[in-house]
Amino acid sequence: MSSVDPVDELLCKFKKDDIQFVRFEQPTYPGVLSGMLVPVRNAERFLRKGFPYVTLASAITINNDIALDMAASTGWRNIPLFPDFSSYKVIAWSDDAVRMASILVSAREQDDIIYPPDVRTVAQRQIEKLLATHNLHILSSFEHEFNLLHKGTDEPISLSGCYNMHRIAKYAPFFHKVDQNLLKMGINCERLHSEVASG
């Protein structure tokens, strides 16, 4: 019985979707995506042999006071990261002239002895453990928050108050745009609400 090579299958998707660049992405401890942009012609090598990555970037932000030449003493090492083929998606909001796709990459279990596992690997293991030991199916979601300010004055568009329906009604066209653009990014927005408060 022959099985389909997942790399070959993904390369066919690249061609079908007319992809020119692939974003190899890894969630970081501060909660943001890091990674690199790869021309699609060079993607196969990284998909098969692993994506070389400076793992220190998984734990720091631009504001950290860790000089790069001090990285050797932190315990973090370069390590190959491997793709989760099910995470492939075309970036719908990118410029049509430059077609991009993204794929998440993670460390392999056998590489844990080299450096602490990445956050996505930790989360996946916990989900698998809870399912195996307690039959719990864990679902999670993000809460995207932002402030709307008056153009020119940078003042909030409305006064404080949570779940205010007249505010949502007033800005319904804006909320519709937010929902539609999130959907293009692959985010199915469950609900939207107004929540203006301090802190």
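## Ground rules

Residues are numbered from 1 along each chain as its sequence is written, and side-chain values use heavy atoms, with hydrogens and water left out. Because the model is predicted, local features need pLDDT of at least 70 and side-chain atom pairs count only at pLDDT 80 or more, while totals for chains, interfaces and linings use all residues.

Helices (H or I, at least four residues) and strands (E, at least two) are DSSP runs, numbered from the N terminus.

## Strand E6, a covered strand

Strand E6 spans residues 100-106. Seven of its seven residues are buried. Buried means under 20% relative accessible area, exposed means over 50%, and partly exposed lies in between (1.4 Å probe, protein chains only).

Both faces of E6 are covered. Met100, Ser102, Leu104 and Ser106 are buried on one side. Ala101, Ile103 and Val105 are buried on the other.

## Partners of E6

Two strands pair if DSSP finds at least two bridges between them. Strand E1 (residues 21-27) pairs with E6 in the parallel sense, over five bridges. Here Arg23 stands opposite Ser102 of E6.

Strand E4 (residues 78-83) pairs with E6 in the antiparallel sense, over two bridges. Pro83 has Val105 of E6 as its bridge partner. Strand E5 (residues 89-90) also runs antiparallel to E6, joined by two bridges. Lys89 stands opposite Ser102 in E6.

## Aromatic pairs

The structure holds five aromatic pairs. Rings of Phe, Tyr and Trp (its six-membered ring) pair if their centres lie within 6.5 Å; planes under 30 degrees apart count as stacked, over 60 as edge-to-face and the rest as tilted. One of the pairs joins Phe46 and Phe51. Their centres are 5.3 Å apart, with 75° between the planes, so the pair is edge-to-face.

Phe46 is buried, at 13% relative accessible area. Phe51 is buried too, at 3%. Ring pairs link Phe24, Phe46 and Phe51 into a cluster.

Helix H3 covers residues 119-134, 16 residues in all. From first C-alpha to last, H3 reaches 22 Å, close to the 22 Å expected. The expected span is 1.5 Å times one less than the number of residues.

Ile127 sits in H3. Its relative accessible area is 39%, so Ile127 counts as partly exposed. Together with Leu136 and Ile138, Ile127 forms a nonpolar patch on the surface. The three have about 230 Å² of accessible area together, by the Shrake-Rupley method with a 1.4 Å probe, where for residues only the protein chains shown count as cover. Like charges are joined within 9 Å, and nonpolar side chains (Val, Leu, Ile, Met, Phe, Trp, Tyr) within 5 Å.

Most residues other than glycine have a negative phi. Asn135 lies in the loop between H3 and strand E7 (161-162). Asn135 is exposed, at 57% relative accessibility.

Asp154 lies in the loop between H3 and E7. Phi of Asp154 is near 60°, again a positive value in a residue other than glycine. Asp154 is exposed, with a relative accessible area of 54%.

Technical notes. Patch = residues over 30% accessible without salt bridge, like charges linked within 9 Å, V, L, I, M, F, W, Y side chains within 5 Å. Salt bridge = Lys/Arg side-chain N within 4 Å of Asp/Glu carboxyl O.
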